[in-house]
Amino acid sequence: MPSPQTPPRGGSAVDPTAVRPDIDDAVIIRVEPAQLRGRLEQLKAEGASMLLDIGGVDYLERTPRFDVVYHLLKLPTRVASVDSVATPMRIRVLCGLDDGQTLPTMSDLWPSADWPEREIYDLFGITFDGHPDLRRIQMPVDWEGYPLRKDYPLRGPALERTPRPDFALKSNLLAGTPASGKTAAALAKQIAKIRGQAE
Amino acid sequence: MEVVPGTQFLLARVDDVARWAQASSVWPLTMGLACCAIEMMSVTAPEYDIARLGSEVFRSSPRQADLMIVSGRVAQKMGPVIKRLYDQMADPKWVISMGACASSGGVFDNYAVVQGVDTIVPVDVYVPGCPPTPDGLLYAVNLIQQQIRQGGRGGILARA
């Protein structure tokens, strides 16, 4: 039975970059997986010294299904004027790929790509070729499935709440009947008894 | 417990004395999981002052702790860690499930969060709230103390 919380398959999957207006200080580039490595190497050579983050997007109904987004920052290497200091350049590189396709790792170009790539692998199941240590980073190591995929059930594979154990199974030293409700009354009685005898 | 008439002696069962001692120094484990931990920290501060109950000594080692306060949502990845800490605590030991998330998963009805810490460790007192007030937690410690004095266990909802 599919989870009632599975997002509707007929939902519109609009690529926001297609409708978004240009951003003043950011360049948005879309490249094919085969060109990704070369393009990013070129951008780094041109001064995009920081890889701020890598994001993943699942559009589910779109082809290609996934986008991997590289956020680059180009800082001015030399202070030419106040203006150039105030306008570092941001570059956003989008790369679409389908389930089963892989991307080359960027962790040798920017060490900051290491953990974001692991995160995308962990949550979207996108593999990065050549990554030195492609393990899950957030989910437990034995987790199955990729939770941020749109077709992943929100409650996980189990689909139902975990059943509660019986309180009678408690294995503590002072096992006994639950004291609920009787506790306060019994305590008051005990106190009254002690006080009465002391007087 | 009774006073022997005409003397200065008290007569009591060893069990009662031991329970009185246990109940008067319930040492919690230093373990904050989420925002409930902020309220848990404030019970140690002067305004609420859990020292009045003898529980001000938060132990950083489970070997020295009597009480586990599960103060926040338990991620699936944290579950085995909680279980391990509980197992490392010496008997007798008690567990307070603090807040909606620890008790039932709360608003996090999803794959990432354990739907109630009682699926992992036995819980003695549940404190409702999101987060519970420090008074609520103090009351839960009170209930734990009452349980210890009585020798009963289990499944109490700390309801005012």
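**View 1. Strand S3 and its neighbours in chain A of the predicted model.** Nine bridges connect S3(A) to strand S4 (residues 89-97) of chain A, and these two strands run antiparallel. Strands count as paired if DSSP finds at least two bridges between them. In S4(A), A:Val93 is the bridge partner of A:Tyr70. S2(A) and S3(A) also run antiparallel, joined by eight bridges. A:Asp53 has A:His71 in S3(A) as its bridge partner. Strands (E, at least two residues) and helices (H or I, at least four) are DSSP runs, numbered from the N terminus. The model is predicted: local features need pLDDT of at least 70 and side-chain atom pairs pLDDT 80 or more, while totals for chains, interfaces and linings use all residues. Residues are numbered from 1 along each chain as its sequence is written, and chains are lettered from A and ligands numbered from 1 in the order in which they are written.

**View 2. Helix H4 (residues 114-124) of chain A.** The buried residues of H4(A) are A:Pro116, A:Glu117, A:Ile120, A:Asp122, A:Leu123 and A:Phe124. Buried means that 20 or more other C-beta atoms, placed from the backbone, lie within 10 Å of the residue's own. They pack against strand S2 (50-58), strand S3 (66-74) and strand S6 (127-129) of chain A, where a contact is a pair of such C-beta atoms within 7 Å. A:Gly125 follows H4(A) and has a positive phi, near 75°.

**View 3. The elements of chain B.** Chain B has five helices and six strands, in the order β-β-α-α-β-α-β-α-β-α-β from the N terminus. Its C-alpha trace spans about 65 × 30 × 25 Å along the principal axes of chain B. Of the 160 residues in chain B, 44% are buried.

Note on methods: Buried ≥ 20, exposed ≤ 12 C-beta atoms within 10 Å, placed from the backbone. Contact = placed C-beta atoms within 7 Å.
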